[in-house]
Amino acid sequence: MTETEHTKPELKAAEQAGYAESREVGEQAREKEWTRPSFGKQLFLGDYRLDLVHPVPALPAEDARRGEEFVRALRRYLEAHVDPALIERTAQIPDEVVKGLAELGAFGITIERQYGGLGLPYLYYCRSLMLVSSYSPALATLLSAHQSIGVPQPLKLFGTEEQKREFLPRCARGEISAFLLTEPDVGSDPARLHTTAVRDGDEYVLDGVKLWTTNGVVADLLVVMARTGKKISAFVVEADSPGITVQRRNAFMGLRGIENGVTEFRQVRVPARNLIGKEGQGLKIALTTLNTGRLSLPATCAGTTKWAMKIAREWGNERIQWGRKVGRHEAVATKIAFIAATAYALEAVMELTARLADDRSNDIRIEAALAKLYGSEMSYRALDELVQMRGGRGYETAESLAARGERGVPAEQMLRDSRINRIFEGSSEIMHLMITREAVDAHLSAAGELINPDASRGERAEALRRASAFYARWLPSLVAGTGNLPTSYAAFGPLAGHLRFVERTSRKLARSTFYGMSRWQGRLEHKQSFLGRIVDIGAELFAMTATCVKAVEDAKDLGRRPYELADTFCHQARKRVDGLFEQLWDNSDSQDVRLAGYVLDGRYTFVEEGVLDPSIDGPWIGTPDGGEDVRRKIH
């Protein structure tokens, strides 16, 4: 037996131990209680609670008035003072733009008025980001990273009154904040966090390196996640504290104007009063913050997709090929229909989730995650279709187009800029796993020890009794429902049939999840492709619901037109759902996993012959070594 064969079982055991530790850390940070109803949770359980999202909660008239007024002022400022092409060309947002937005109140949209902010609802925060992202995604990222995951949101949820009075007015005035969790060797796996915070009297001493610190190059305030003993805690840190070095500013495929860097902490002293919450609550703070913080991404995705619709309409009418407007050719018309229907749906998903966040009657952790996942995937597809529609002009930069006398449409830039949304704040793969964990929570509560390979015989017996009682009540409820009645959801007019489909499909989805648990039991958590399709089906059903709800509301002022968009979107979504259900049980997942293992083992390196690798030499995972501090202040 070779040395490699000897070490394989040891490596596998180490991997399993590491996975178990990471899962335990993540599980400890989860918000396990469901004290408020959740449309998303019930959807995955086959209980279609339309009453939780329709009619949509209304905002107080004064809040709506102030929100509309701010969005109008923001639009005027963008048109008069912001040059998106300049930001793309120089890879920097001008200081005067940042200062102007601060004077407008754009850095304190959701900060309460008593702390110097605008105190606007999430709906208008999202509409603001939707507007900004359609014009300059990099600028939208600056604003959203500051407010959604920077200092304001965690302090709003977990900060003391003293912390709020000290830091929130500064954030509202335009002192930029950043969120520092990721490390060179730590992405979505918190168990591997290396940055430490050691208590020393009335201070903590921080040491470590943080990577991909959006806003970190220009930030005044930082939220830093660090290990305090075996657990993780969160701190507000002054960015100009001695011992902090911004080692470099990173450059990316898109979002060239963002100030994203690598930040090193060497013996950085932080007052103990700057601890957010309690020691060990860091991950819980991060995850809870993201429940609403993630709403910024559906907003930016909706903004760029709505822009894509505008360009698709204009180009489809302008370009003539073979004697017809290009948009009238079926091959292009189907792309326009997809872009338009998706734009309407993504705005519907964003608005519904934001209004649920404002209403605070529902637990929106699943809805916000679905909105982020669905928005980032669908907007990228829509922008890709726009580039295809534009042909060579879609691939050409806006400045190059303008330089040769044509309209400078930044389609390729928008596509590049949007690519990060599938990675930001939890990649699509991580979002699938997170949503799955929440969606199957009821099953795990009922049958957790039954599918736990380490459970004792007594624990399994008790779990079997509990699971039998749960499924005896639950499974009969999945047989029939309102979706089987031809008169259901009549208030939705021509869209009623789509909602009946959603209700029926919700029950089918729940049955499929149960079949998966029955088939794989404890191995289900490793069937990530199966679970990903389950989540994608749920996302389509959520989007269909949101779109129908929005259409009914919009039709009061716009007549039949919203129904037409919603109907087309729902037909498109139903086709995608049908395909996903088929792939649940008819797929190549097992073969793919086996083949991937062979690839990793080097079995097929002959396929790599005949090419050259242009990569620059260096370690796969590393950190900058020394160098000057590239942090800069906004002047």
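Predicted model: local features only at pLDDT ≥ 70, side-chain atom pairs only at ≥ 80, totals over all residues.
In one of them, the rings of Tyr471 and Phe514 have their centres 4.9 Å apart and their planes at 55°, so the pair is tilted. Tyr471 belongs to helix α19, residues 457-474, while Phe514 belongs to helix α20, residues 496-520, so the pair ties together parts that are 43 residues apart in sequence. Tyr471 and Phe514 are buried, and together with Phe470, Trp474 and Tyr515 they form one aromatic cluster.

Staying with helix α20, I would point you to Thr505, which lies in that helix. Is Thr505 buried or exposed? Its relative accessibility is 5%, and because buried means under 20%, Thr505 counts as buried. A polar atom of the Thr505 side chain lies 2.6 Å from the backbone oxygen of Phe501, and, if we leave aside residues up to four places away in sequence, Thr505 touches Ile537, Leu541, Val577 and Phe581.

A search of the whole structure finds 6 cavities of 30 Å³ or more, and the largest cavity holds about 70 Å³ of space. This largest cavity is lined by 13 residues, and the closest to its centre are Ile93, Leu142, Val218, Gly257 and Glu259. Which helix gives the largest share of that lining? The answer is helix α7, residues 137-149, from which 3 residues of the lining come.

Finally, the backbone, where I would recall that most residues other than glycine have a negative phi, and most peptide bonds are trans. Against that background, His54 and Pro55 are joined by a cis peptide bond, with omega at about -5°, and Pro55 lies in the loop between α2 (39-44) and α3 (61-81). Ala91, although it is not a glycine, has a positive phi of about 55°; this residue lies in the loop between α4 (84-90) and α5 (95-104), and with a relative accessible area of 22% Ala91 is partly exposed. Asn215, which is not a glycine either, has a positive phi of about 75° and lies in the loop between β3 (203-214) and β4 (221-228), but with a relative accessible area of 2% Asn215 is buried.

Terms used. Residues numbered from 1 in each chain as written. Heavy atoms only, no water. Phe/Tyr/Trp six-rings, centres within 6.5 Å; stacked < 30°, edge-to-face > 60°. Helix = DSSP H or I, 4+ residues; strand = E, 2+ residues; numbered from the N terminus. Buried < 20%, exposed > 50% of the residue type's maximum accessible area, 1.4 Å probe, protein only. Polar contact = N/O pair within 3.5 Å; in protein donor to acceptor, adjacent residues only side chain to side chain. Contact = heavy atoms within 4.5 Å. 1 Å grid on protein atoms, 1.4 Å probe; cavity = no way out; pocket = protein on both sides within 12 Å on 5 of 7 lines; lining within 4 Å. Points joined across faces, edges and corners; volume = space filled by probe spheres on them.
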